Amino acid sequence: MMSGAGKQRQVGEDEKCRCCSLACDELYRAFKAAGFYPAGHPRRFASLQAAHAALLVCVRDQELVLVTSRAGFASSDGGAAITPGPLSRAIAHEFFIRRIRRLTFLPDVSLADFSSLLELLTMDPQEIQSGGGVEVLMGQRRIATIWANELDLSVILQKRKELEAAASGSELSVATAVSQVSESGGLTAAMPVVHEQAPPELADIIARMEQEDDNEKYRQLARSLVDCCEVLRSAGDYESLFPALSFLVRQGNDEGISVGRRGYALLALDQVADEQVIEYLVQGLVEKNTEVKEQLHPIFRQLGAKTVPLLVARLAVAESKVARKNLSAALVAVGEEAVASLAGQLTDERWYVVRNVAAILGEIGDVTCVGQLAQCLAHEDERVCKEALRSLGRIGGHEAEAEILRVLGAGEPGLKRQAAISLGLMRSEASIATLCAVVGRRDIFLRSFQLKMDAIQALGRIGSVRALPCLVGILQQRHWLASRRWRELKVAVAVVLGQLGDATTLFPLLALAARGGRLGQACADAAESVRMRLDNRRE
């Protein structure tokens with residue numbers, strides 16, 4: 001089992017990976033916004049700020065290094081670990097085709113430098129190469145806190161000193177540059193665009209986007225769609241936005257269209273789905289009579305982390321079973337991006353909130369929350385403990401398996417049954433000895449009948465011949481007390497032996513089959529099942 005220090009280190013590494021992955025996603029959104037909106041547009045600057053803020057989180061302790069390959073970002077050669085995803089792979093591809101194999105963000109990465117880098121990235125790759133390559137162009141733009149294709153940090157720091165010395169007195173200071181970026185939305189920004197005419201009808205824009213093959217025309221249509229949605233949103237007509245949201249999700253995930261158009265669709269989705277729209281969608285999950293269900297799940301999945309706080313908050317206060325079910329399903333659809341917020345709710349004082357959250361984490365199946373779910377096994381409410389055991393069984397892995405085994409071996413009596421069931425569903429080979437000990441434990445009056453039954457069925461699910469001596473031993477024992485219960489238990493053993501299909505069990509099964517009765521019939525059926533399995537293996 002991993003030590004406490006090892007767990008903390010793993011959690012720290014997982015959190016670092018999560019932050020870096022989020023920063024790469026925001027970087028791609030900012031890159032697309034730079035090509036999507038004209039200079040000076042407020043949404044362009046908002047996207048720039050969001051990406052810069054995400055980067056600052058990653059570089060609090062040390063520089064961030066992104067190493068690119070054809071397949072995405074690589075963690076080799078000092079590169080940060082990035083969870084593979086459509087947006088991170090897309091921005092890695094943009095770096096790769098511009099021959100940026102390595103990009104280093106220093107801890108004091110400035111907004112001005114970041115804005116300049118994005119403007120450079122919007123250039124055509126051929127234009128970048130004809131200009132001398134990305135390193136030359138970054139030098140011409142006096143970018144001092146971001147460096148491309150340089151391996152040695154000491155060399156970067158020396159080059160930065162030289163660059164800043166050369167720029168002293170002749171260029172804008174970083175503070176002035178940041179001020180200009182903040183005021184104008186870009187170093188070469190114009191005044192914000194003012195729309196003088198009403199936007200086209202939403203259905204018409206969607207139809208034209210669906211047929212459009214040209215990336216630039218698609219970009220312009222996507223901007224028109226966002227503007228049209230803003231008008232509807234301002235009027236409070238959120239219901240009319242639903243077709244646009246669904247369409248943008250489909251386009252953003254349609255591998256049959258170009259990467260550029262998918263990116264524009266996802267960026268438009270991000271712009272349309274503000275806090276008020278998300279609140280409307282969540283309300284649709286809460287209301288019983290609203291026909292949303294699975295129709296909304298792809299939208300929540302695509303919007304990801306930005307929907308989680310409201311979903312979690314509504315889940316905590318939801319009164320109806322239907323609302324809890326719909327909200328839970330939406331959080332499961334969001335997936336790993338919801339884990340951090342959900343795990344924080346496992347310390348809630350309300351037992352039913354903790355139980356619901358534990359169930360959702362089990363459905364998501366992220367191993368990073370195993371430790372927090374394990375802490376729920378000590379919860380004062382047994383219903384929470386049982387849900388935590390179910391979720392640990394769904395997630396699986398050595399750490400989860402060890403926690404469930406601990407409960408089966410020495411936990412509260414009321415939890416042992418769920419522990420046995422979870423180990424069976426996990427097909428835990430490591431639990432066979434403990435399960436056999438439960439089945440074989442002396443119990444004249446068979447007071448632990450249900451636990452033994454669960455353990456037998458778990459051994460059947462695991463399907464290992466290592467359980468045969470224990471199971472055959474139970475089958476051959478004679479019991480005078482609680483004979484009816486013992487007979488039911490032996491019937492369950494016979495069923496499992498038939499499932500295992502081992503030739504060594506034929507003799508004891510046939511011997512009991514000759515005695516007749518319900519147990520005899522169960523043994524005869526099991527023997528026939530063993531024969532069929534053996535014949536199939538010979539063929």
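Analyst: Let's start with helix 18 and helix 20, which are roughly parallel to each other. That label goes to angles under 35 degrees, while over 145 is roughly antiparallel, 65 to 115 is roughly perpendicular and the rest are oblique. Here the angle is about 10°, and the axes lie 8 Å apart. Axes are lines fitted to C-alpha atoms, for helices over the stretch in contact, with angles running from 0 to 180 degrees between N-to-C directions. Helix 18 covers residues 351-364 and helix 20 covers residues 382-395.

Keep in mind that this is a predicted model, where local features need pLDDT of at least 70 and side-chain atom pairs count only at pLDDT 80 or more, though totals for chains, interfaces and linings use all residues. Residues are numbered from 1 along each chain as its sequence is written, and side-chain values use heavy atoms, leaving out hydrogens and water.

So who touches whom? From helix 18 come W351, V354, R355, A358, A359, L361, G362 and E363, and they meet R383, V384, E387, A388, S391, R394 and I395 of helix 20. Contact here is heavy atoms within 4.5 Å. By type, the residues in this contact are eight nonpolar, two polar and five charged. Nonpolar covers Ala, Val, Leu, Ile, Met, Phe, Trp, Tyr, Cys and Pro; charged covers Asp, Glu, Lys and Arg; the others, Gly among them, are polar.

Buried means under 20% relative accessible area, exposed over 50%, and partly exposed in between, using a 1.4 Å probe and protein chains only.

Zooming out, the chain has 28 helices and four strands. These are DSSP runs numbered from the N terminus: helices are H or I with at least four residues, strands are E with at least two. Of the 539 residues in the chain, 49% are buried. Among contacts with a separation of 6 or more, 68% are between residues 24 or more positions apart.

Now for the strands. Strand 1 (residues 64-69) has five of its six residues buried, so the rest of the structure largely encloses it. Strand 1 forms a hairpin with strand 2, with two residues between them. The two pair antiparallel over three bridges, where pairing needs at least two bridges found by DSSP. V67, for instance, has A74 as its partner in strand 2. Strand 1 also runs antiparallel to strand 3 (residues 102-105), joined by four bridges; L66 partners L103 and L64 partners F105. In strand 3, R102 and T104 point one way and L103 and F105 the other, and all of them are buried. Strand 3 is antiparallel to strand 4 (residues 146-148) as well, through three bridges, with L103 partnered to A148.

C20 counts as buried at 1% relative accessibility, and C436 does at 14%.
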